[in-house]
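Reader: Hi! Could you walk me through this structure? I'd like to start with the helices and then get to the charged pairs.

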Amino acid sequence: MADVSVTWLGHASFRVDSPGGKRIYVDPWLGNPKCPDSEKEPERIDLIAITHGHGDHVGETVELSKQFKPKAVVANVELKAWLQQQGAELDDLPGPNKGGTVEVDGIKLTLVNAFHSSGSDAGDYLGEAAGIVLELENGTKLYFAGDTCVFGDMQLIARIYSPDVAILPIGGHFTMDPREAGVAL
(Lines give C-alpha, C1' and ligand atoms only; values in the text may rest on other atoms or scores of the structure.)
Protein backbone atom coordinates (compact mmCIF):
# COMPACT_ATOMS: atom_id res chain seq x y z
CA MET A 1 0.00 0.00 0.00
CA ALA A 2 3.03 2.31 0.17
CA ASP A 3 2.43 3.47 -3.41
CA VAL A 4 -1.33 3.91 -2.95
CA SER A 5 -3.06 6.90 -1.39
CA VAL A 6 -6.67 6.57 -0.23
CA THR A 7 -8.32 9.78 0.96
CA TRP A 8 -11.71 9.81 2.69
CA LEU A 9 -13.78 12.71 1.36
CA GLY A 10 -16.64 12.37 3.82
CA HIS A 11 -19.66 10.08 3.84
CA ALA A 12 -18.90 7.28 1.33
CA SER A 13 -16.71 9.33 -1.01
CA PHE A 14 -13.06 8.48 -1.60
CA ARG A 15 -10.19 9.62 -3.79
CA VAL A 16 -7.62 6.98 -4.71
CA ASP A 17 -4.26 7.98 -6.16
CA SER A 18 -2.81 4.93 -7.87
CA PRO A 19 0.87 3.94 -8.18
CA GLY A 20 0.63 4.76 -11.90
CA GLY A 21 -0.55 8.29 -11.18
CA LYS A 22 -4.26 7.78 -11.87
CA ARG A 23 -6.77 9.73 -9.79
CA ILE A 24 -9.90 7.68 -9.10
CA TYR A 25 -13.04 8.92 -7.36
CA VAL A 26 -15.41 6.41 -5.77
CA ASP A 27 -18.97 7.60 -5.03
CA PRO A 28 -18.06 11.27 -5.60
CA TRP A 29 -20.54 13.20 -3.43
CA LEU A 30 -18.21 16.13 -2.85
CA GLY A 31 -21.04 18.33 -1.55
CA ASN A 32 -21.38 16.23 1.59
CA PRO A 33 -20.92 18.11 4.88
CA LYS A 34 -17.74 16.20 5.82
CA CYS A 35 -15.87 16.79 2.55
CA PRO A 36 -12.87 19.04 3.27
CA ASP A 37 -13.06 22.40 1.49
CA SER A 38 -9.70 21.65 -0.15
CA GLU A 39 -11.27 18.57 -1.85
CA LYS A 40 -14.54 20.09 -3.12
CA GLU A 41 -12.93 21.26 -6.38
CA PRO A 42 -10.80 18.41 -7.81
CA GLU A 43 -7.79 19.32 -9.91
CA ARG A 44 -8.30 16.27 -12.14
CA ILE A 45 -10.28 13.04 -12.35
CA ASP A 46 -9.11 10.08 -14.45
CA LEU A 47 -11.78 7.55 -13.45
CA ILE A 48 -15.09 7.51 -11.52
CA ALA A 49 -16.64 4.42 -9.93
CA ILE A 50 -20.12 4.37 -8.42
CA THR A 51 -21.57 1.65 -6.18
CA HIS A 52 -25.27 2.54 -6.57
CA GLY A 53 -27.76 5.18 -7.60
CA HIS A 54 -28.64 6.99 -4.38
CA GLY A 55 -27.83 10.69 -4.52
CA ASP A 56 -25.34 10.46 -1.66
CA HIS A 57 -23.21 8.15 -3.83
CA VAL A 58 -23.80 9.46 -7.36
CA GLY A 59 -23.10 12.94 -6.00
CA GLU A 60 -21.81 15.32 -8.66
CA THR A 61 -20.91 12.64 -11.21
CA VAL A 62 -22.80 14.33 -14.07
CA GLU A 63 -21.06 17.67 -13.51
CA LEU A 64 -17.66 16.08 -12.86
CA SER A 65 -17.88 14.01 -16.05
CA LYS A 66 -18.53 17.16 -18.08
CA GLN A 67 -15.73 19.12 -16.43
CA PHE A 68 -12.98 16.46 -16.34
CA LYS A 69 -13.97 13.98 -19.07
CA PRO A 70 -12.59 10.96 -17.18
CA LYS A 71 -11.36 7.97 -19.16
CA ALA A 72 -14.33 5.98 -17.79
CA VAL A 73 -17.28 6.10 -15.44
CA VAL A 74 -17.82 2.61 -14.05
CA ALA A 75 -21.31 1.87 -12.73
CA ASN A 76 -23.79 -0.92 -13.31
CA VAL A 77 -25.50 -0.96 -16.69
CA GLU A 78 -28.78 0.65 -15.56
CA LEU A 79 -27.08 3.40 -13.55
CA LYS A 80 -24.67 4.22 -16.36
CA ALA A 81 -27.51 4.51 -18.87
CA TRP A 82 -29.38 6.80 -16.46
CA LEU A 83 -26.29 8.99 -15.98
CA GLN A 84 -26.10 9.41 -19.75
CA GLN A 85 -29.77 10.45 -19.81
CA GLN A 86 -28.93 13.06 -17.16
CA GLY A 87 -26.31 14.56 -19.49
CA ALA A 88 -23.14 12.93 -18.18
CA GLU A 89 -20.30 12.75 -20.69
CA LEU A 90 -19.45 9.07 -20.68
CA ASP A 91 -17.04 6.73 -22.40
CA ASP A 92 -18.34 4.15 -24.88
CA LEU A 93 -17.75 1.28 -22.44
CA PRO A 94 -21.05 -0.39 -21.53
CA GLY A 95 -21.75 -0.57 -17.82
CA PRO A 96 -20.94 -3.97 -16.30
CA ASN A 97 -23.05 -5.98 -13.92
CA LYS A 98 -22.11 -7.98 -10.84
CA GLY A 99 -19.22 -10.29 -11.58
CA GLY A 100 -18.20 -8.12 -14.51
CA THR A 101 -14.74 -6.58 -14.68
CA VAL A 102 -13.78 -3.44 -16.56
CA GLU A 103 -10.13 -2.59 -17.21
CA VAL A 104 -9.12 1.02 -17.76
CA ASP A 105 -5.45 1.94 -18.22
CA GLY A 106 -4.20 -0.99 -16.14
CA ILE A 107 -6.82 -0.59 -13.40
CA LYS A 108 -9.41 -3.33 -12.97
CA LEU A 109 -12.82 -2.67 -11.44
CA THR A 110 -15.07 -5.61 -10.61
CA LEU A 111 -18.65 -5.24 -9.41
CA VAL A 112 -19.49 -7.61 -6.57
CA ASN A 113 -22.58 -8.24 -4.52
CA ALA A 114 -24.04 -5.82 -1.99
CA PHE A 115 -27.42 -5.83 -0.25
CA HIS A 116 -29.03 -2.41 -0.53
CA SER A 117 -31.50 -0.56 -2.73
CA SER A 118 -30.59 1.70 -5.65
CA GLY A 119 -32.73 4.42 -7.11
CA SER A 120 -32.61 8.06 -8.08
CA ASP A 121 -34.04 10.78 -5.86
CA ALA A 122 -37.04 10.81 -8.25
CA GLY A 123 -37.58 7.06 -7.75
CA ASP A 124 -36.04 5.74 -10.99
CA TYR A 125 -34.81 2.15 -10.72
CA LEU A 126 -31.04 2.20 -11.21
CA GLY A 127 -30.09 -1.47 -11.02
CA GLU A 128 -28.91 -3.30 -7.93
CA ALA A 129 -26.42 -1.84 -5.50
CA ALA A 130 -22.92 -3.28 -5.80
CA GLY A 131 -19.57 -3.31 -4.11
CA ILE A 132 -16.45 -2.61 -6.14
CA VAL A 133 -13.11 -4.41 -6.05
CA LEU A 134 -10.53 -2.01 -7.42
CA GLU A 135 -7.22 -3.58 -8.50
CA LEU A 136 -4.50 -1.03 -9.13
CA GLU A 137 -1.54 -1.27 -11.50
CA ASN A 138 0.74 -2.75 -8.81
CA GLY A 139 -1.76 -5.45 -7.83
CA THR A 140 -3.04 -3.68 -4.69
CA LYS A 141 -6.74 -4.47 -4.24
CA LEU A 142 -9.26 -2.25 -2.47
CA TYR A 143 -12.76 -3.52 -1.67
CA PHE A 144 -15.37 -0.76 -1.50
CA ALA A 145 -18.43 -2.48 -0.03
CA GLY A 146 -20.74 0.43 -0.85
CA ASP A 147 -23.90 0.57 1.21
CA THR A 148 -24.67 -2.93 2.42
CA CYS A 149 -25.43 -5.10 5.38
CA VAL A 150 -23.04 -7.87 6.32
CA PHE A 151 -23.63 -11.06 4.30
CA GLY A 152 -21.99 -14.47 4.16
CA ASP A 153 -20.73 -14.14 0.60
CA MET A 154 -18.25 -11.52 1.77
CA GLN A 155 -16.17 -14.62 2.49
CA LEU A 156 -16.20 -15.36 -1.24
CA ILE A 157 -15.12 -11.81 -2.06
CA ALA A 158 -12.18 -12.29 0.32
CA ARG A 159 -11.37 -15.71 -1.14
CA ILE A 160 -11.63 -14.73 -4.81
CA TYR A 161 -10.15 -11.21 -4.76
CA SER A 162 -8.00 -11.16 -1.58
CA PRO A 163 -8.39 -7.41 -1.00
CA ASP A 164 -5.58 -5.65 0.84
CA VAL A 165 -8.03 -3.14 2.32
CA ALA A 166 -11.79 -3.29 2.89
CA ILE A 167 -13.76 -0.05 3.10
CA LEU A 168 -17.00 -0.84 4.90
CA PRO A 169 -20.02 1.31 5.78
CA ILE A 170 -21.00 1.67 9.41
CA GLY A 171 -24.30 3.38 10.05
CA GLY A 172 -26.79 1.04 11.65
CA HIS A 173 -29.85 2.51 9.90
CA PHE A 174 -29.27 2.30 6.14
CA THR A 175 -26.22 0.01 6.34
CA MET A 176 -24.52 -2.38 8.75
CA ASP A 177 -23.80 -1.30 12.30
CA PRO A 178 -20.37 -1.51 14.02
CA ARG A 179 -20.98 -5.08 15.26
CA GLU A 180 -21.89 -6.28 11.76
CA ALA A 181 -18.89 -4.45 10.28
CA GLY A 182 -16.65 -6.24 12.78
CA VAL A 183 -18.07 -9.57 11.60
CA ALA A 184 -17.64 -8.51 7.96
CA LEU A 185 -13.94 -7.89 8.56
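Author: Happy to. Helices (H or I, at least four residues) and strands (E, at least two) are DSSP runs, numbered from the N terminus. This is a predicted model, where local features need pLDDT of at least 70, side-chain atom pairs count only at pLDDT 80 or more, and totals for chains, interfaces and linings use all residues. Residues are numbered from 1 along each chain as its sequence is written, and side-chain values use heavy atoms, with hydrogens and water left out.

Reader: Great. Where does A81 lie?

Author: A81 is in helix α3, which covers residues 77-85.

Reader: On to charges. How many salt bridges does the structure hold?

Author: It holds 10 salt bridges. Each is a side-chain nitrogen of Lys or Arg within 4 Å of a carboxyl oxygen of Asp or Glu.

Reader: Which residue meets K80 in a salt bridge?

Author: D91, at 2.8 Å from N to O. K80 sits in helix α3 and D91 in the loop between α3 and β6, so the pair ties together parts 11 residues apart in sequence. K80 is buried, with a relative accessible area of 5%, and D91 is buried as well, at 19%.

Reader: What about D105, which residue does it bridge to?

Author: D105 pairs with K71, with the closest N and O atoms 3.9 Å apart. That links distant parts of the chain, 34 residues apart: D105 is in the loop between β6 (101-104) and β7 (107-113), and K71 in the loop between α2 (61-68) and β5 (72-74). D105 is partly exposed, at 41%.

Reader: Which residues are linked in a network of salt bridges?

Author: R15, D17, R23, E39 and E43. Within it, the side chains of D17 and R15 meet at 2.9 Å, N to O. D17 is buried at 14%, and R15 is buried at 10%.

Reader: Switching to strands, in what order do the five form the open sheet?

Author: The order is β6-β7-β8-β9-β10, with mixed pairing; two strands pair if DSSP finds at least two bridges between them. β6 and β10 (165-167) stand at the edges with a single partner strand each, so one side of each has no neighbour in the sheet.

Reader: How many bridges join β9 to β10?

Author: Three, and β9 (residues 141-144) runs parallel to β10. L142 stands opposite V165 in β10.

How values were computed:
Buried < 20%, exposed > 50% of the residue type's maximum accessible area, 1.4 Å probe, protein only.
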